[in-house]
Amino acid sequence: MKITLAMLKEKGACTEQVAEFARRFGDEVEVTEQVCVSVASVFDWEWAARHFLTAAAGAAYNEAKAAAWAAYDDATAPALVAYREAKAPAEAAYNEATAAAEAAYSKARAAARAACREARAAAGAAYSEAKARAFARLLDK
């Protein structure tokens with residue numbers, strides 16, 4: 001089967017994918033497994049499957065995809081375990097180090113808020129007093 005630029009546009013492919021197709025293949029390409037593998041990480045295969053595969057082929061694609069995902073999980077599981085094990089001490093040290101900083105921050109923030117409330121209260125009282133004085137002085141004028 002051939003896929004053409006016109007087909008991509010007709011099916012609503014995004015501008016970036018159309019441009020990439022044109023850059024790599026020109027107006028059209030004969031779809032082969034070799035061609036698809038050569039651009040495996042370039043194109044949106046989910047979109048292509050939805051728009052170019054029949055229902056039966058789409059179901060088979062989903063089965064193949066599930067098997068590939070299971071193989072991916074199997075291949076990456078040991079690395080994920082090793083990563084988590086390697087990360088745990090660093091994460092614990094980070095949490096310990098930041099706990100003191102968080103406590104100091106919370107204390108400083110509370111003190112700053114209290115100081116702000118006091119300053120606002122004093123300024124508010126002075127403002128109220130100034131208004132009262134101005135009113136009293138200007139009442140008889």
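The model is predicted: local features need pLDDT of at least 70, side-chain atom pairs count only at pLDDT 80 or more, and totals for chains, interfaces and linings use all residues. Residues are numbered from 1 along each chain as its sequence is written, and side-chain values use heavy atoms, with hydrogens and water left out.

**Cysteines and accessibility**

A disulfide is a pair of cysteine sulfur atoms within 2.5 Å; a search of the whole structure finds zero. The closest cysteine sulfur to that of Cys 14 belongs to Cys 36 and lies 17 Å away, which is too far for a bond. Accessibility is classed by relative accessible area: buried is under 20%, exposed is over 50%, and partly exposed is in between (1.4 Å probe, protein chains only).

| Residue | Relative accessibility | Class |
|---|---|---|
| Cys 14 | 37% | partly exposed |
| Cys 36 | 24% | partly exposed |
| Pro 89 | 54% | exposed |

Pro 89 is located in helix α5. Helices are DSSP runs (H or I, at least four residues), numbered from the N terminus.

**Nonpolar core and aromatic residues**

A nonpolar core is a set of buried Ala, Val, Leu, Ile, Met, Phe, Trp, Tyr and Cys residues joined through side-chain atoms within 4.5 Å. The largest one has 12 residues, including Ile 3, Val 18, Phe 21, Val 29 and Phe 43. Helices α1 (5-10), α2 (15-25) and α4 (45-52) each contribute at least two residues to this core, and the largest share, three residues, comes from α4. Leaving aside residues up to four places away in sequence, Val 29 has contacts (heavy atoms within 4.5 Å) with Met 1, Lys 2, Ile 3, Phe 21 and Val 35.

One aromatic cluster is formed by Phe 21, Phe 25, Phe 43 and Trp 45.

**Largest pocket**

A pocket is an open set of points on a 1 Å grid over the protein atoms alone where a 1.4 Å probe fits, with protein on both sides within 12 Å along at least five of seven lines; lining residues have an atom within 4 Å of a point. The largest pocket is lined by 24 residues, and Ile 3, Asp 44, Trp 45, Ala 48 and Phe 52 lie nearest its centre. Two or more lining residues come from each of α2, α3 (33-38), α4 and α5 (55-138). Helix α4 gives the largest share of this lining, five residues.

Conventions: Rings of Phe, Tyr and Trp (its six-membered ring) pair if their centres lie within 6.5 Å; planes under 30 degrees apart count as stacked, over 60 as edge-to-face and the rest as tilted.
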